[in-house]
Amino acid sequence: MSYLATRNFLEDKDFVDKWLYTIRTGELDLSWMNANTEKVKPHQANPRRGLTYRDLDLGSYGFTAVPEKVRLNRSYAPRGAELVEGLPDAQPWVSRKSEVWAFNTESYYEEAVSRQWNVTTDIPWERLDGVELPETIGKALSQLMTFLTEVEMIATDTPALWLPRINPEFVEVKAFIASQAMDEARHTEAFRKRALTTGWGLMKASPMNEMALKHLRDADSFSEMSVALHLVAEGNVLTLFRFSEYLSPTDVDKRIFRLVMQDEARHVGYGMQHFKYVLENFPEKREVVHAHLDEAENISFAGAAATELTESFIILAGGGLKRENIEEGIKITTRFNLKQMEEHFERLEKCGMPERKERSKLFQMFEMGKAAAEAAGIRLN
Amino acid sequence: MAFYADKDYTQDEAVLEAANQVMQGNLSLHWYDANTEKIKGKPADLRRGLTYRDLDIGGYGYSSIPEYVRTSQSMVARGSEKWGKLPDMGYVINRKSEIWSDNVTSLYEEDKSRRWTPAVDIPWSELDAHPLAPEMEAACAQLYTFLQECALVSLHFASQWVPVINQDFIEQKSWMCAQMLDWARLNEAFRKRALYGGAGLKRASVTVEQGLKEWLFAETFYQGSVSINLSLGGFLLVLCRHAAAFAPSRVDRALMGYAMQDTARQASYGMGQLRYFLQHRPAQLEAIQEYVDNTEHVMLALLGSPEVLEPLIIISGGGLEREQVKAGGVAVSKFIRMAAREYFERIEAAGLSRRSARSRIPAVIDRIEAPA
């Protein structure tokens with residue numbers, strides 16, 4: 001074993017004897033009854049919403065009271081419980097509030113729990129019975145779904161990797177991260193199931209995207225991971241979902257994209273609020289995040305160059321492989337690419353990083369692309 | 001940064017040129033004739049929807065995952081065509097027998113369909129209308145403090161293993177993500193219940209946490225699963241059943257009802273995993289027996305910790321009066337025997353035969369004398 005409890009309870013005669021004595025005699029110690037903890041009386045602020053984490057934001061139990069640097073609790077004890085000597089160290093890596101916190105974290109989690117949906121039954125799969133998409137559309141759709149399955153995989157592993165590293169005091173953040181992992185597993189399931197119902201199966205992997213995406217997981221800090229995952233990658237994917245819903249060939253596909261968009265918007269929401277919190281409360285992190293964004297934005301370049309994705313998107317957008325289809329598809333894909341980049345910089349600006357544009361190669365690409373598109377008569381908005 | 005993409009794409013002329021070619025309408029279509037199986041999955045039963053089992057077809061199916069996954073270390077979805085330079089994700093669990101259970105897909109589907117929301121599915125206002133006596137509320141607060149410790153450790157267990165399991169085991173990973181949400185939700189529910197009653201949280205348990213950390217930090221997934229899924233999940237299932245039976249309020253009964261559903265799935269997976277492991281790795285039987293020999297003492301930490309035992313006696317007896325404590329002691333004695341019996345039934349049914357004969361726990365349990 002890699003950890004041994006400080007005693008073997010079967011071999012601890014005093015422990016066993018006391019246990020048996022308590023049961024036999026009913027002489028209870030009851031010292032826990034006088035635990036040195038706060039007594040609070042929460043109430044449901046809005047009975048229709050039920051009892052929320054926000055309703056419990058009281059005194060030492062509340063998330064508001066968590067200090068910037070958590071020094072006292074490193075165990076598995078819930079925040080606010082009486083801590084006694086001998087509790088083990090849970091080995092958290094992240095014990096600083098500004099490294100994980102976001103305004104509204106608790107609400108993002110509550111929303112996630114209440115908006116769980118079921119790919120198996122909430123997608124009208126039966127409507128695909130008898131639907132035969134043209135080969136080009138079917139294959140393009142399968143290719144898009146294949147790519148999205150890969151993307152969702154890294155979005156599952158990354159939050160799962162970080163969750164145990166977060167100090168147990170941040171119970172609401174851990175809860176949100178757990179809900180995100182489940183959301184992403186559900187997305188993987190949705191896209192896999194859709195690919196395997198097209199008649200074409202899964203298609204080709206996207207190596208360039210995978211290579212770029214690996215860096216999401218292997219960030220140096222939670223904040224850097226979050227900026228890259230929640231803001232950059234999921235922000236890009238949110239735009240992709242919106243466009244994909246627009247160009248979906250069936251109602252079933254539209255339904256899938258509408259549902260995944262709900263979840264993805266929540267993740268992006270957390271990412272934005274967290275980044276804002278970082279910039280406001282941990283200002284020395286700004287330069288670190290800039291450097292990380294330099295790498296994260298590399299994903300966008302890799303994505304643009306991953307032709308298996310771009311080409312399938314063009315075919316879906318244009319409705320086929322004929323010249324006029326391709327021309328139309330390129331127009332829509334150009335708008336999509338530009339919109340994705342525009343929204344990325346809008347988000348960063350709203351979070352408090354307007355200067356990103358001056359530093360970013362991606363922004364230069366956006367401006368050049370936008371000028372070229374306008375010259376070709378393609379309007380972004 | 002621990003990882004940088006293999007190149008700076010902004011500086012790669014060939015890559016940028018490829019992208020430009022596509023946007024000029026010169027599509028390569030290199031993906032168009034992907035070398036993959038062509039299938040069209042359908043729901044076997046429309047009322048149940050499209051399940052993962054419906055897609056257990058050919059090379060896409062989980063049935064065809066080999067014992068050793070040697071050819072995949074990237075994010076590639078199982079069954080799609082691999083090409084080019086794919087990243088190595090560093091997965092350390094690449095053997096099916098280490099994680100698989102024949103009920104994984106069923107448990108995942110059940111998990112999704114039995115979702116619940118602590119904020120609204122528990123009748124919290126009942127506690128306003130019918131508050132508990134102070135000693136009962138304090139006992140509940142202590143019990144729910146303990147349950148949060150269990151939930152957090154279980155949450156960590158699922159989380160810490162997900163990222164190191166090969167992506168080919170997608171159904172397995174999905175199930176573990178569902179477990180993560182289950183434990184986050186139970187943690188939420190236990191915390192809300194403890195605080196809503198007005199007694200606050202109580203004392204963290206050194207005994208419990210020391211023991212659970214030993215289980216959590218097992219060296220392998222399959223060992224940890226025996227401890228956390230089968231043993232802890234099974235223990236919590238019995239505990240929640242007991243607490244539901246003696247619940248002092250409708251709130252507690254409702255909460256324990258949901259908790260039973262969720263913990264039953266953990267125990268069921270734990271049994272299925274151990275069974276699958278032993279069926280495919282029979283030579284490991286003695287090693288697992290030895291692991292359990294060494295770690296089973298944690299079960300006693302759970303059963304014997306005063307932060308668990310005493311509130312249970314009070315809740316089971318209905319209060320702190322002498323007769324109530326006596327009745328509580330009798331009920332808790334039964335609970336302990338039941339927890340031990342079910343534990344041995346589960347672990348033996350999963351393949352650790354004669355575990356109860358080998359274990360040191362029954363001898364200790366036999367020494368329990370219920371109050372006269």
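This is a short tour of a predicted model, one selection at a time.

**Stop 1: chain A as a whole**

Select chain A. Its elements are 14 helices and 0 strands. Follow the chain from the N terminus and the run is α-α-α-α-α-α-α-α-α-α-α-α-α-α. Along the principal axes, the C-alpha atoms fill a box of roughly 85 × 50 × 45 Å. Chain A has 381 residues, and 57% of them count as buried. Now consider its contacts between residues at least 6 apart in sequence. Of these, 75% join residues at least 24 apart.

**Stop 2: the two domains**

Colour residues 13–61 of chain A. That is domain 1 in the domain assignment. How many Å separate the centres of domain 1 and domain 2 of chain A? The separation is 42 Å, taken over C-alpha atoms.

**Stop 3: where chain A meets chain B**

Show chain B as well. Here 121 residues of chain A are in contact with 129 residues of chain B. Which helix of chain A gives the largest share of the side that touches chain B? Select residues 171–195 of chain A: this is helix H6, and it supplies 12 residues, the largest share. By class, the chain A side that touches chain B holds 63 nonpolar, 32 polar and 26 charged residues.

**Stop 4: a helix pair**

Stay in chain A and select helix H7 (residues 207–217) with helix H10 (residues 286–305). Their axes lie 8 Å apart, and the helices pack at an angle of about 170°. An angle over 145 degrees counts as roughly antiparallel, so H7(A) is roughly antiparallel to H10(A). From H7(A), pick Met208(A), Asn209(A), Met211(A), Ala212(A), Leu213(A) and His215(A). From H10(A), pick Glu295(A), Asn298(A), Ile299(A), Ala302(A), Gly303(A) and Ala305(A). This contact of H7(A) with H10(A) has 7 nonpolar, 4 polar and 1 charged residues.

**Stop 5: Tyr61(A)**

Finish at Tyr61(A). Look for this residue in the loop between helix H1 (13–25) and helix H2 (97–100) of chain A. Is Tyr61(A) buried or exposed? Tyr61(A) counts as buried, because it has 23 C-beta neighbours inside 10 Å, and 20 or more is the cut-off for a buried residue.

Next, show its contacts, leaving aside neighbours within four places in sequence. In chain A they are Glu38(A), Val40(A), Leu56(A), Arg79(A) and Gly80(A). From chain B, Leu195(B) is in contact with Tyr61(A) too.

Methods:
Residues numbered from 1 in each chain as written. Chains lettered and ligands numbered in written order. Predicted model: local features only at pLDDT ≥ 70, side-chain atom pairs only at ≥ 80, totals over all residues. Helix = DSSP H or I, 4+ residues; strand = E, 2+ residues; numbered from the N terminus. Buried ≥ 20, exposed ≤ 12 C-beta atoms within 10 Å, placed from the backbone. Contact = placed C-beta atoms within 7 Å. Domains from an automatic or database assignment. Nonpolar A, V, L, I, M, F, W, Y, C, P; charged D, E, K, R; others polar. Axes fitted to C-alpha atoms, helices over the stretch in contact; angles between N-to-C directions. Parallel < 35°, antiparallel > 145°, perpendicular 65-115°, else oblique.
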